[in-house]
Amino acid sequence: MRIGRFGGRTRYHHHRPWYQRITRVQVGWGVLGLIVVLLAAFGLQARQASSSLRLAANQAEVLQSQIVAGDDVGAKATLVGLQESAAEARSRTDGILWIVGSHVPYFGKNVSAVQTVADVIDQISQEAMPPVVKLSKQVNLNTFSPRDGKVDLAAINEIRPSIAAADEALAAANDKLVKIDADSLLVPIRGPVATIQNKIATAGSAASSSRTAAQLLPSMLGGKDTRRYLLLIQNNAEVRPTGGIAGSFAILKAKNGKLSMGEQGSTQDLPPVAKPVIPMTKDEKTVFPTTLVTDLRDANITPDFPRTGEITRALVKKGLGVDVDGVISVDPIALSYVLGGTGPVTVDNGAVIDQSNAVSTLLNRLYRQVQDNDEQDDFFASAARKIFDVVKSGDGQSRVVISALVAAANENRLTVWSSHEDEQREIRTTNLSGAVGGDDGETPHVGVYLSDAASTKMEFYLDYTTILRTGRCLRGDVQELSTTTELRSNAPSNADRLSPYVTGTGAFTPRGTMRISVRAYSPFDGGFTEVRVNGKKQTVYADRHLGRNVTSVTLVINPGETYTVTTSMISGRGQRGDAVFSTTPGVQQTLNNVRVQSACG
C-alpha cells in the first residue's frame, strides 16, 4: 500500500481497454449516428429509385403512343431507354437496406410498394414490350382499320402472338400492383405509385382489347367463310334499356376482311309478327310484354343485349329470310363520336352531318321538320350508309375513329353479339357485350334502365343522371346499396304543339309529356328494401330476371318537371367486392359499367 502526501492512501488506477470505457450515452449516440447514416443512404436510394420510376413511367407512355402511331424507329429507341430506367430503378431498390426496411412496421409497406413497382416496370420492359416493338410497324391502329373497304386479316394474324404476350405480361403486372393501397403510403411515394398503377391498368386494358380484337376479327370478318350481320341503329329519343328503339337496320357482309352494306330498312320493313319468333323465358313473361319476341321495336326492352341479339336475329330470319351471324348495335351519339375522326358527311338530300349536329339532326330535327315516314327512313338510311362508307374507306383519322368506338363501347352505345358460341364467349368478357351481369362471385351488379311507354320521341329532351352508392357491410359479406336517379324534362313549355312525330298521338300520354318506365335491378340473389319517388314510398315488386330482383315505377313527366327515384337494396351473400353499376345510355354522355368501392373493405 502506498501512503500519500497527506497521509492518506493512494489508490491504484487500473487502465481498462478503450471499449470498456465507452459509456451508455456514447453507445446511444453512436447507434443514433449509424441510423442517421443508414436513413440518409436509404433516402438517397429511394429518391434515385423514385426518379427512375417516374422516368420509366413516362417512357412507357411515350412508347405506347409510338406503337399506336406505328413509329417503328422511335419505339425501338424509347424501349432501350425504358429498359435502362427500369433496370436502374430495380437495382436501386435491391440490397440489405431494402430487405431490412421491408420488415419495419408501417414503414415496411412503403418499401415493399416501391420494390414491387420497380420489379413490375422492369418485368414489363423485358417481357411485355420487346415482342410488340419488334413488330411496331404492324402493331398499330391502322392494322385494325379498313383500307379501301378491307381489313388486312393476314397482318392481324401476324401480330396476334406478340399482342397475346404483351397482354399476359401486363395482366401479371397489374395483378401485383392492384394489391398496393397507394393512398396509405407516405406522401413522397404515393403519387409515383398511383401514377404507375393507373398507367399499367390503362395499358393492360388496351392490350386486352387488342388481344380480343386480334382473336375475333379474322373469323368475324369472314376469314374462313362469308359472314352477315344485322346492324341496328338505336334511336335514343324513344328510349329503351339498351339505348333506344331500333329505328333502322342494315345487313352487313364480310368476306376475307372486305366489308359491304347490303339491304337497309326500318321498322316498317319488319312489321310485328303474330307469334313469338323464339319462346320467352318464365322470367321474361313476368317482367316484359310479349312484344319482346314479336316486335323489332321492343326487342331491346330487355337490358340484356345478347338476348336482344338472339331475338332480332330470329325476327330478321322470319321477316327477310336472312340468317345473320350476329348483331351489331350503335346509336347516333356513337356515330357523332365517329364523325369526329371521319369529318362531315353529306346525305342524299344534300344535308351535311358532322360531329356537332348529328345527335340533334337524327334524334330531333328530322322528326320536327320532315312529316313523312318514308322520307325520315330514307334520311336515316342515307346517313348510316355515308358514315359506314367513310369509315370503310379508311380516309379518316384511324386513331380518332377507333378511340371513338372504344368510348362508345365503354358507354354501352356500341354492342356486339355473335351467334357463334366461341366468339360470344370472348365478346362477353368485353364492354362490347352489353350483357346484364349475373352471378359474378364477389361482385354485386346493379342496374337502372329506362323505357319509353308512350311511343314518342320526347326523350331527346330528357336530362337523366343516375348514381350508385354503397352503405354498410352486413355480416362481413353483404352490402347495403342505393341508387339515386334524377329525370328532368327540358322540353319547351309549348311541347304539346310540336310535331306528332315527336310527341306521339296522345293515345298513351298527353302530347308534350314523357311516359317512362324505370326498372331497377338488384344484385344477383339480392333484393330491394325500399323504393321512393320524390321522397314518397312506392310498391316494391318481387319480379326476377336473370337471377336478379326487378322493381319498377312509371312516371309521366311534364316540360320542366323533375322526378327523383331512389332505391335501397342489399347484395347477395358473399358479394363483398366492388359493385358494378350499369344504366341506359341517354342522349348526353353516360358513364357505364362504373365500379363503386365496396362497403366491405
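Let's start with a term: buried means under 20% relative accessible area, exposed means over 50%, and partly exposed lies in between, with a 1.4 Å probe and protein chains only. Those areas come from the Shrake-Rupley method, and for residues only the protein chains shown count as cover.

Now the ground rules. This is a predicted model, where local features need pLDDT of at least 70, side-chain atom pairs count only at pLDDT 80 or more, and totals for chains, interfaces and linings use all residues. Residues are numbered from 1 along each chain as its sequence is written, and side-chain values use heavy atoms, with hydrogens and water left out.

On to salt bridges. By that I mean a side-chain nitrogen of Lys or Arg within 4 Å of a carboxyl oxygen of Asp or Glu. How many does a search of the whole structure find? It finds 20.

Take Glu423 and Arg227. Their side chains meet in a salt bridge, 2.8 Å from N to O. Glu423 sits in helix α14 (residues 421-427) and Arg227 in strand β3 (residues 227-240), 196 residues apart. Helices (H or I, at least four residues) and strands (E, at least two) are DSSP runs, numbered from the N terminus. Buried or exposed? Glu423 counts as buried because its relative accessibility is 3%. Arg227 is buried too, at 5%.

Next, Arg413 and Asp331. This salt bridge is 2.9 Å, N to O. Arg413 lies in the loop between α13 (398-410) and β9 (415-418), and Asp331 in the loop between β6 (326-330) and α10 (332-342), so the pair ties together parts 82 residues apart in sequence. Both Arg413 and Asp331 are buried.

Now Asp348 and Lys386. Their side chains meet at 3.8 Å, N to O. Asp348 is in the loop between β7 (345-346) and β8 (352-353), Lys386 is in helix α12 (residues 373-393), and they are 38 residues apart. Asp348 is exposed, because its relative accessible area is 65%. Lys386 has 32%, so it counts as partly exposed.

There is also a network. Salt bridges link Glu238, Arg240, Asp298 and Lys457.

Last, the surface. Lys150, Arg228, Lys253, Lys255 and Lys258 form a positive patch. Patch residues have over 30% relative accessible area and no salt bridge; like charges are joined within 9 Å, and nonpolar side chains (Val, Leu, Ile, Met, Phe, Trp, Tyr) within 5 Å. Where is Lys258? Lys258 is in strand β5 (residues 258-266). It counts as exposed, at 56% relative accessibility.

Technical notes: Accessible areas come from the Shrake-Rupley method with a 1.4 Å probe; for residues, only the protein chains shown count as cover. Lys and Arg count as positive and Asp and Glu as negative; His and the chain ends are not counted. The place of a charge is taken as NZ of Lys, CZ of Arg, CG of Asp or CD of Glu.
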